[in-house]
Amino acid sequence: SEGGWVVAQGSLQALMAAPDSLTGQFLAHPLRHPLTKRRSAKPEAKLRIKGAFSNNLKNLDVNLPLGRLICISGVSGSGKSSLIREVLHRSLAPLLQLKKDQKPPAPHGCRSIEGFESIERILEVDQTPIGKTPRSCPATYVGFWDDIRKLFAATAEAKIRGFGPGRFSFNTAEGRCPECLGQGMKKIEMSFLPDVKVNCEVCRGARFTEETCMVRYRDKSIADYLAMSVDEAVEEFSAHRKIHHALKLLQDVGLGYLTLGQQSPTLSGGEAQRLKLVTELARVAPQLGKKPLTRRGATGHALYLLDEPTIGLHMADVEKLIRVLHRLVDAGNSVIVIEHNLDIIAEADWLIDMGPEGGDAGGYIMAQGTPEKVVKTKSPSHTARFLGEFLKERKR
């Protein structure tokens, strides 16, 4: 609702001079890296992959420092996804699900994986849709909708009518519209034409029965809150710490324009990915400064894997994504990003560059270390050359 306008047009200089153009402002004042101080890792806190040979990998031994933002770079086909998704993820995920006295399965695409004892869980955060039904929405996915339903159930009107929290769920028959089954719209099948979706004639898109909507919290119905944007809801729930915290995270990643009840199938890949990151942040943020115990009795954390998360994102969105990734690491986790975007690469605490080319000509580690160290490598690394020019340009 905040978009839809032409804010600038013309030459590059015209865009850079337009104060309302985010594109122009980022071109005129690009990000300066690093946005935060680079983290140093403890020498013993390393995830070690030995003898990685999947696809075009050349029997690699790789050390991944934990508790840091790690970036895997390289030209297309250089072996980035083979190393992280095929070897690391497929080998580590079964190990973390082992129960006591179970024999560990053989690693996939490598000889062994070591140093994972402190890792509690591994998650692959991608741009796949977060829900396939119209009843799925940001409020239910992130998890604060249950708390909003409890607020409605605690009102005097709800108690008089005998309504519990279940009455305010559009996933149960108790209070949802019986015509559209809580979807707010109906699909009309057209012969020889694409199906058409129209607002439900009974609830007019509210998703709930008229009786359910009679219950008010702060003079608003449950349907009113579904139609509310995240930006509006941040102010509305400022006194409710748990709900406000999740909403503020959505706002921080640039999703303040979404409505709480926006149907998940309508979200873009970038929006879906940021919702997943917010869900994880909402889970780990209360643990800032603490050391949660793992299943193994040791202090542990989560390992997040992202494959080219900047696809489809604007420069302003990339900055917000970078800050989200830093927050995940600051919460005591490790983040591994496969990326071509130089803004992300320049933010890494540790960079591993694959190459030198794609296919059979790839599968080697060309350089590794901090971005400042990688740009000084004497190996034929395409990333080192372009990253060096990129960082030099940003310092002007």
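Both W145 and F170 are buried, a term applied to residues under 20% relative accessible area, with exposed meaning over 50% and partly exposed anything in between (1.4 Å probe, protein chains only). The model is a predicted one, in which local features need pLDDT of at least 70 and side-chain atom pairs count only at pLDDT 80 or more, while totals for chains, interfaces and linings use all residues. Residues are numbered from 1 along each chain as its sequence is written, and side-chain values use heavy atoms, with hydrogens and water left out.

A pair of aromatic rings is described by the distance of the centres and the angle of the planes. Here, rings of Phe, Tyr and Trp (its six-membered ring) pair if their centres lie within 6.5 Å; planes under 30 degrees apart count as stacked, over 60 as edge-to-face and the rest as tilted. By this rule the count comes to 8 aromatic pairs. The pair of W145 and F170 is tilted, because the ring centres are 6.2 Å apart and the planes stand at 35 degrees. W145 belongs to helix α5 (residues 145–153) and F170 to the loop between α6 (156–161) and β6 (185–188), so this pair ties together parts that are 25 residues apart in sequence. Helices (H or I, at least four residues) and strands (E, at least two) are DSSP runs, numbered from the N terminus.

Another tilted pair is formed by F152 and Y217, with 5.9 Å from centre to centre and 50 degrees between the planes. It links distant parts of the chain, as F152 sits in helix α5 and Y217 in the loop between α7 (210–213) and α8 (222–226), 65 residues apart. Both F152 and Y217 are buried. Ring pairs also join F152 and Y217 with F163, F168, Y225 and F237 in a cluster. A charge sits over a ring if NZ of Lys or CZ of Arg is within 6 Å of the ring centre and within 35 degrees of the ring normal. R167 lies over the face of F163, 4.1 Å from the ring centre, and R207 lies over the face of F170, at 4.8 Å from the ring centre.

What does the chain look like as a whole? It has 15 helices and 11 strands, and its C-alpha trace spans about 75 × 65 × 50 Å along the principal axes. Of its 396 residues, 47% count as buried.

Just after α12, G332 takes a positive phi of about 95 degrees.

On a 1 Å grid over the protein atoms alone, a pocket is an open set of points with protein on both sides within 12 Å along at least five of seven lines, and lining residues have an atom within 4 Å of a point. The second largest pocket holds about 550 Å³ of space. Of the 26 residues that line this pocket, G3, L22, G254, Y257 and D317 are the closest to its centre. At least two lining residues come from each of α2 (22–28), α11 (269–284) and α12. By class, the lining has 8 nonpolar, 11 polar and 7 charged residues; Ala, Val, Leu, Ile, Met, Phe, Trp, Tyr, Cys and Pro count as nonpolar, Asp, Glu, Lys and Arg as charged, and the others, Gly among them, as polar.

Some backbone details deserve a mention as well. The peptide bond from H33 to P34 is cis, with omega near -5 degrees, and P34 is placed in the loop between α2 and β1 (46–52). A cis peptide bond also joins G355 and P356, with omega about 0 degrees; P356 lies in the loop between β10 (350–355) and β11 (364–369). L181, a residue other than glycine, has a positive phi near 60 degrees. L181 is found in the loop between α6 and β6 and counts as partly exposed at 40% relative accessibility.

Key:
On a 1 Å grid over the protein atoms alone, a cavity is a set of points where a 1.4 Å probe fits but cannot get out, and a pocket is an open set with protein on both sides within 12 Å along at least five of seven lines; lining residues have an atom within 4 Å of a point. Grid points are joined across faces, edges and corners, and a volume is the space filled by probe spheres set on the points.
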